[in-house]
Amino acid sequence: MPGAGAVHHIKAGHPVLFSSRHPDELKHLVAGLGFLAQAGTVSQAIGFGNVLLIAVPYHALPQVGQDYVDSLRNKIVLDACNAVAARDGPDIADEAEQNGIGITSQKYLPGTRLVRAFNTLNYKCRLENSEQAYWPLVQTACRI
Ligand SMILES: NC(=O)c1ccc[n+]([C@@H]2O[C@H](COP(=O)([O-])OP(=O)(O)OC[C@H]3O[C@@H](n4cnc5c(N)ncnc54)[C@H](OP(=O)(O)O)[C@@H]3O)[C@@H](O)[C@H]2O)c1
């Protein structure tokens, strides 16, 4: 999912580091995107940029926030994650529903400058509608 949006950052001349728990598996993705694209670990991604886009199944958010609490502090985090009971379990989906998903994400990613972004856009939309749809959203999110 993040790959779809990151392509537009690269086209606009920005370096992007795609991260994974298995960065070797991203080699094929970055190979076709030119010298501004690279792959790395999650720690490398957090250290790399001023702005992070996080898109993981919502049930993974508490663990990510716990594992990287220190390095995530004060980072601008664009949170594209949605809580879906069928995938993420009823507890966290209910929490997000009752308290609001932004508040819930902020709880699990403490100390971040969290912005909800891109969560309503299917990845195909980002690929197909490109800059017109994507860039205004990035710029708005980064000014908040
Ligand atoms: N797909 C869309 O069009 C779309 C649109 C709007 C919002 N969203 C939201 O964006 C998020 C990701 O969606 P997706 O379709 O990209 O899902 P996905 O492909 O299932 O997951 C994205 C990545 O999350 C990482 N991940 C999975 N389980 C993890 C765990 N337990 N701990 C840490 N990382 C884990 C995996 O990366 P590695 O295994 O490489 O580390 C995986 O490649 C979801 O919350 C979804 O609701 C998706």
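**Core, sheet and a helix**

Modeller: The largest nonpolar core has 28 residues, and Leu52, Ile54, Val77, Leu78, Ala80 and Leu109 have the most contacts inside it. Such a core is a set of buried Ala, Val, Leu, Ile, Met, Phe, Trp, Tyr and Cys residues joined through C-beta atoms within 7 Å. This is a predicted model, where local features need pLDDT of at least 70 and side-chain atom pairs 80 or more, while totals for chains, interfaces and linings use all residues. Numbering starts from 1 along each chain as its sequence is written.

Biologist: Which strands stand at the edges of the sheet?

Modeller: The open sheet has 3 strands in the order S3-S4-S5, with parallel pairing. Pairing takes at least two DSSP bridges between strands, and a strand is a DSSP run of E, at least two residues, numbered from the N terminus. Each edge strand has a single partner, so one side is left without a neighbour in the sheet: these are S3 (51–54) and S5 (113–116).

Biologist: What is the bridge partner of Leu52 in S4?

Modeller: S3 and S4 (residues 76–79) run parallel and are joined by 4 bridges. For Leu52, the partner in S4 is Val77.

Biologist: Within what arc do the buried residues of H8 fall?

Modeller: In helix H8 (residues 101–108; helices are DSSP runs of H or I, at least four residues), the buried residues are Thr104, Ser105 and Tyr108. Buried takes 20 or more other C-beta atoms within 10 Å of a residue's own, with C-beta atoms placed from the backbone. These residues line one face of the helix, because seen down the axis of H8, going by directions from the axis to the C-beta atoms, they fall within an arc of 100°.

Definitions and conventions: A residue is buried if 20 or more other C-beta atoms lie within 10 Å of its own, exposed if 12 or fewer, and partly exposed in between; C-beta atoms are placed from the backbone.
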